[in-house]
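Have the model open beside you as you read.

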Amino acid sequence: MAVVAVPKPSEESKTKITGQPNTITLRISRSNPSEGQEAAFSEFQIPVQKWTTVLEAILYVKQNFDHSVAVRYSCRQASCGSCGMKINGKPALACYTKISELNSNVVTVEPMNNFPIIRDLAVDFKQLISNHKKMKPFIIREDSEVTPESKEFIQTPQDLEKYLQFSYCIKCGLCNSACPTMATDTSFIGPQGLAQAYRYVADNRDKGKDERLKIVDDSHGIWRCHFAGSCSQVCPKGVDPAMAIQLLRGYLLGFRK
């Protein structure tokens with residue numbers, strides 16, 4: 001890949017921090033497939049402090065060096081899931097990753113694997129959202145509509161514990177990016193969708209279990225997972241999609257009801 005060098009910021013703009021150099025080298029993958037532009041890295045010298053996140057470093061580039069860098073972000077507090085990317089080769093949220101925790105003077109950011117690239121660090125989430133919708137991510141039951149006679153559906157703490165962990169998904173796409181099956185089967189539902197299917201199957205208020213199990217019981221569904229476990233390793237919310245997939249298989253194999 002080609003490298004585009006950018007001058008270092010002035011000495012006045014550098015921030016001194018303890019135990020770290022004043023600046024790090026930020027390498028940003030730049031590409032625009034719609035214009036036929038192949039990926040190349042642009043390098044920038046960025047001043048950092050011990051609390052500086054990768055997203056803040058990227059936004060520093062946009063503000064001071066190159067406004068055209070494409071990156072998706074929103075909440076900046078690891079809640080919206082917008083800023084997923086590869087950071088030094090590993091899928092992670094840029095706003096949740098401190099540069100000081102990377103233990104490297106060179107930080108390389110690239111778009112996530114297994115997603116079509118829109119431009120630079122921004123990728124297309126259409127398939128992820130489509131697969132998420134296929135799982136019918138809502139409570140299915142005949143009396144779910146609110147009426148004058150409606151009352152809340154009581155759950156015990158034990159009932160809640162069965163699915164609570166899996167309800168924390170923020171649809172950041174990191175698990176799909178890390179999944180080796182997604183790289184070889186573009187029709188695979190993916191760990192995000194399968195984990196959300198389990199989240200509702202395990203919810204005792206829901207009556208759509210059989211409907212969802214028919215959707216995932218497919219050649220491009222749950223049986224394509226080889227249990228690499230990489231999806232769970234990169235989840236920033238501790239959802240553990242790999243475990244959800246195994247638990248979901250239990251229903252299909254008759255181990256769970």
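E43 pairs with R27 in a salt bridge (a side-chain nitrogen of Lys or Arg within 4 Å of a carboxyl oxygen of Asp or Glu), with the closest N and O atoms 3.4 Å apart. E43 sits in strand β3 (residues 37–47) and R27 in strand β2 (residues 23–32), so the pair ties together parts 16 residues apart in sequence. This is a predicted model, where local features need pLDDT of at least 70, side-chain atom pairs count only at pLDDT 80 or more, and totals for chains, interfaces and linings use all residues. Residues are numbered from 1 along each chain as its sequence is written, and side-chain values use heavy atoms, leaving out hydrogens and water.

**Other salt bridges**
- The whole structure holds 10 salt bridges.
- K136 bonds with E211, the closest N and O atoms being 3.3 Å apart.
- That pair links distant parts of the chain, 75 residues apart: K136 is in the loop between α2 (126–134) and α3 (157–161), and E211 is in helix α7.
- D203 and R199 form a salt bridge with closest N and O atoms 3.0 Å apart.
- D203 is buried at 1% relative accessibility (buried means under 20% relative accessible area, exposed over 50%, partly exposed in between, with a 1.4 Å probe and protein chains only).
- R199 is buried too, at 9%.
- R30, D66, R119 and D120 join in a network of salt bridges.

**Helix α9**
- Helices here are DSSP runs (H or I, at least four residues), and strands are E runs of at least two, numbered from the N terminus.
- Buried residues of α9 include P241, I245 and L248.
- Just after α9, G254 has a positive phi of about 85°.
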